[in-house]
Amino acid sequence: MIQRAMLAAVASAALLVASLLHVVSGEAERLQRDAASRAGAVIERGATLYGLHCRTCHGSRGEGVGQLGPALGDGQFFTKRLQEVGWQSTLREYVVSTTTHGRLMGTRPIYAGNGATAVMPPWYEEQGGMLRSDEIAAIADFVLNWQATATGQLELKRLALPEQNPQDPRTIARGEQVFKKHCLRCHEAAKGGASALAGPPLANIATLANGRREGMTAQDYIRESILIPAAYRREGYAAPDKGQDCGAVLTESELAAVIAFLSR
Ligand code: HEC
Ligand code: HEC
């Protein structure tokens with residue numbers, strides 16, 4: 001009888017321990033899940049901020065944009081860049097620090113700049129920028145998240161983009177659609193209809209833009225204007241700040257098509 005009672009006691013004790021263990025491990029899992037989803041939320045915030053402030057020069061996938069800004073999402077950046085610039089600390093620190101302070105002179109010839117205006121402005125609010133330190137940290141997390149794809153640990157299939165010939169009437173027609181949808185509301189009649197809201201007419205932009213900026217083709221000029229309207233200010237037009245830009249929310253192929261349309 002006593003034995004039985006003892007057995008029962010041992011058994012229930014074991015059950016108690018087991019269920020406690022279960023609770024503890026469940027708790028650990030939950031904490032882990034929470035941490036992962038918090039990290040995910042920070043990266044998402046970083047992605048949004050990156051889209052607003054960095055994409056125009058560094059590309060939406062960190063692929064870099066012509067002479068505006070270098071790639072941040074390629075293998076070189078993750079494996080060689082720190083040695084190249086002799087940075088002693090981590091890559092994350094490098095991203096945070098460069099973003100915080102900006103860069104007066106580029107370190108590569110194509111971004112050299114003239115030393116008068118920064119090739120990349122400082123972003124930290126205490127340096128005259130518009131981001132808080134937690135926002136810069138979120139952007140850094142987002143940028144570092146490209147490492148897996150950049151260094152080939154993770155491979156993304158590339159979508160084959162149809163080749164677009166800028167002279168092809170279909171490309172031009174597509175560009176016209178893009179123009180009507182995204183540009184017309186601010187850019188007058190020019191090649192479309194409607195009235196001027198904020199931007200200059202673009203009817204002869206290809207001719208006007210040719211040689212407006214030294215060493216730039218009309219197509220490069222148009223491309224830059226769409227991505228950073230403030231790059232070249234036109235007298236008498238709205239300053240293209242908050243929400244007044246040319247809307248760089250185009251895909252690479254829409255951008256090419258609208259440039260073809262404006263250059264035809
Ligand atoms: C007006 C264009 C422009 C914008 C906008 C811009 N950058 Fe840059 N960025 C540059 C240029 C130019 C360089 C310097 C390249 C060099 O030194 O060779 C640079 C350098 C960097 C570097 C160092 C890259 C390297 O290879 O050494 C980082 C990191 C960086 N930018 C992050 C950002 C982040 C984050 C944002 C948004 C908050 C941002 N940039 C917005 C133009 C820009
Ligand atoms: C929210 C209004 C707005 C939208 C939408 C817009 N733009 Fe603009 N755009 C402007 C303003 C304002 C300027 C003048 C900026 C300046 O003075 O530098 C400008 C300038 C330009 C210029 C340079 C013109 C010149 O003579 O230097 C080009 C090219 C251009 N935009 C193309 C486009 C294209 C293509 C689209 C559609 C993808 C577009 N814009 C959408 C407001 C807009």
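Predicted model: local features only at pLDDT ≥ 70, side-chain atom pairs only at ≥ 80, totals over all residues.
**Entry: P201**

I counted 13 other C-beta atoms within 10 Å of P201, so I wrote it down as partly exposed. I then checked its distance to L184, which is 17 residues away along the chain. The C-alpha atoms of P201 and L184 are separated by 9.7 Å.

**Entry: the whole chain**

Next I stepped back to the fold. I found 11 helices and zero strands in the chain. Reading along the sequence, I get the pattern α-α-α-α-α-α-α-α-α-α-α. The chain has 264 residues, and 21% of them count as buried. I also looked at contacts with a separation of 6 or more, and 49% of these join residues 24 or more positions apart.

**Entry: Q76**

I went to helix α3 (residues 75-79), where Q76 has its place. Is Q76 buried or exposed? I found 12 other C-beta atoms within 10 Å, so Q76 is exposed.

**Entry: H101**

I found H101 in helix α5. H101 has 16 C-beta neighbours inside 10 Å, so I noted it as partly exposed. Which residues is H101 in contact with, leaving aside its neighbours within four places in sequence? My list has P122 and Q127. I looked at G128 too: it is 27 residues from H101 along the chain, and their C-alpha atoms are separated by 9.5 Å.

**Entry: ligand 1**

How many residues surround ligand 1? I noted 23, and the closest are C54, C57, G69, T107 and M120. Sorting the shell by class, I got 12 nonpolar, eight polar and three charged residues. Helices α2 (55-58) and α5 (91-101) each supply at least two residues of this shell.

**Entry: helix α6**

At 1.5 Å a residue, its 12 residues should span 16 Å, and the end C-alpha atoms are 16 Å apart, so the two agree. I then listed the buried residues of α6: E135, I136, A138, I139, A140, D141, F142 and V143.

**Entry: helix α11**

I repeated the length check on α11. Its 12 residues should span 16 Å at 1.5 Å a residue, and I read 17 Å between the end C-alpha atoms, which agrees. In α11 I marked A256, A257, V258, I259, A260, F261 and L262 as buried. What do the buried residues of α11 pack against? I wrote down α8, α9 and α10 (218-227).

**Entry: α8 against α11**

I finished with one of those pairs. Helix α8 (residues 169-182) and helix α11 (residues 252-263) pack at an angle of about 100°, and their axes are 7 Å apart. That angle is why I call α8 roughly perpendicular to α11. On the α8 side, I listed T171, I172, R174, G175, E176, V178 and F179 as making the contact. On the α11 side, I listed E254, A257, V258, A260 and F261. By class, this contact has seven nonpolar, two polar and three charged residues. Of the α11 residues here, A257, V258, A260 and F261 were also in my buried list.

Note on methods
Residues numbered from 1 in each chain as written. Chains lettered and ligands numbered in written order. Axes fitted to C-alpha atoms, helices over the stretch in contact; angles between N-to-C directions. Helix = DSSP H or I, 4+ residues; strand = E, 2+ residues; numbered from the N terminus. Parallel < 35°, antiparallel > 145°, perpendicular 65-115°, else oblique. Contact = placed C-beta atoms within 7 Å. Nonpolar A, V, L, I, M, F, W, Y, C, P; charged D, E, K, R; others polar. Near = placed C-beta within 6 Å. Expected span 1.5 Å × (residues − 1). Buried ≥ 20, exposed ≤ 12 C-beta atoms within 10 Å, placed from the backbone.
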